[in-house]
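Here are my notes for a first look through this one. Have the sequence and the model open side by side as you read.

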Amino acid sequence: MRNLRLPFLALTLLVSLSATSAAQEKSLYDRLGGKPAITAVVDEFAARSLADARINKKFAKSDPARLKFELVEQICAASGGPCKYTGRDMKVAHTNMGVTEGEFNALVEDLVGALDKFNVAEKEKNELLALLGPMKPQIVEVNSADTGTALPTTFKPAPPLKKKDMKEAKKEKSEDKGGKKEKSEKSEKSDKSDKKDKKNN
């Protein structure tokens, strides 16, 4: 009977440790660096996409501020953050946009480039792309490798971002910068204090 108990206890301990480890793992949102890091990646991604001749014609009627604001919300919410996506669903947002498969792939390349610029680890990068990948059928309307195609005249973009939302976005950005500055100052003070202690010793 004792011989049977030992493997059972070992298995129970293993399951318990695995569960504890899983519970302790941070969300993708936290591992990406939270909202400030997501905002930085989105700013870079938007800049690349709007300058990319393979895809930028599709944004001719879109409001860049709304585009960035809702992308931050979307990635923040999808990665386990505290945000709530308030934009239109992907199917409605891209109806009559005429996005080709080639243009969607160009967008993904721009996103990967933005993530690489900020040295996002491979694991987190792949997890984020896996979260956004299922949206492809809701975005692509044309099964073609063509890029740089014109925006159809039938496309109706979302209205520009409301002033209230723009103010909120600017406020959050300002608070994020303030938090970073405060952390930097605290770190500098801590370093100076450590050097002083070492000198006294």
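How exposed is K136, going by its relative accessibility? K136 comes out at 24%, so it counts as partly exposed; buried means under 20% relative accessible area, exposed over 50%, and partly exposed in between, using a 1.4 Å probe and protein chains only.

1. Before you start. This is a predicted model, where local features need pLDDT of at least 70 and side-chain atom pairs count only at pLDDT 80 or more, while totals for chains, interfaces and linings use all residues. Residues are numbered from 1 along each chain as its sequence is written, and side-chain values use heavy atoms, with hydrogens and water left out.

2. K136 and its partner. K136 makes a salt bridge with E101, with 2.7 Å between the closest N and O atoms. The term means a side-chain nitrogen of Lys or Arg within 4 Å of a carboxyl oxygen of Asp or Glu. Since K136 sits in helix 8 (residues 136-139) and E101 in helix 6, the pair ties together parts 35 residues apart in sequence. Helices here are DSSP runs (H or I, at least four residues), numbered from the N terminus. E101 is also partly exposed, at 26% relative accessibility.

3. The wider tally. The salt-bridge count comes to 13. Another one to look up is E127 with R31, where the closest N and O atoms are 3.0 Å apart. E127 belongs to helix 7 (residues 122-132) and R31 to helix 2 (residues 28-32), so this pair ties together parts that are 96 residues apart in sequence. E127 is partly exposed at 26%, and R31 is partly exposed at 25%.

4. Is D110 buried or exposed? At 7% relative accessibility, D110 counts as buried, whereas R54 is partly exposed at 30%. The two side chains meet in a salt bridge, 3.8 Å from N to O. D110 is in helix 6 (residues 101-117) and R54 in the loop between helix 3 (34-51) and helix 4 (64-78), which puts them 56 residues apart. Salt bridges with shared partners also join D52, R54, E109 and D110 into one network.

5. Helix 3 against helix 6. These two helices pack at about 135°, with their axes 8 Å apart. Axes are lines fitted to C-alpha atoms, for helices over the stretch in contact, and angles run from 0 to 180 degrees between N-to-C directions. Helix 3 and helix 6 are therefore oblique to each other; angles under 35 degrees count as roughly parallel, over 145 as roughly antiparallel, 65 to 115 as roughly perpendicular, and the rest as oblique.

6. Who touches whom. On the helix 3 side, the contact (heavy atoms within 4.5 Å) is made by V41, E44, F45, R48 and S49. Helix 6 brings L107, D110, L111, G113, A114, L115 and K117.

7. Two asparagines to check. Most residues other than glycine have a negative phi. N96 has a positive one, near 65°, and is found in the loop between helix 5 (90-93) and helix 6. N96 is partly exposed at 36%. N119 also has a positive phi, about 55°, without being a glycine. N119 lies in the loop between helix 6 and helix 7, and is exposed, with a relative accessible area of 69%.
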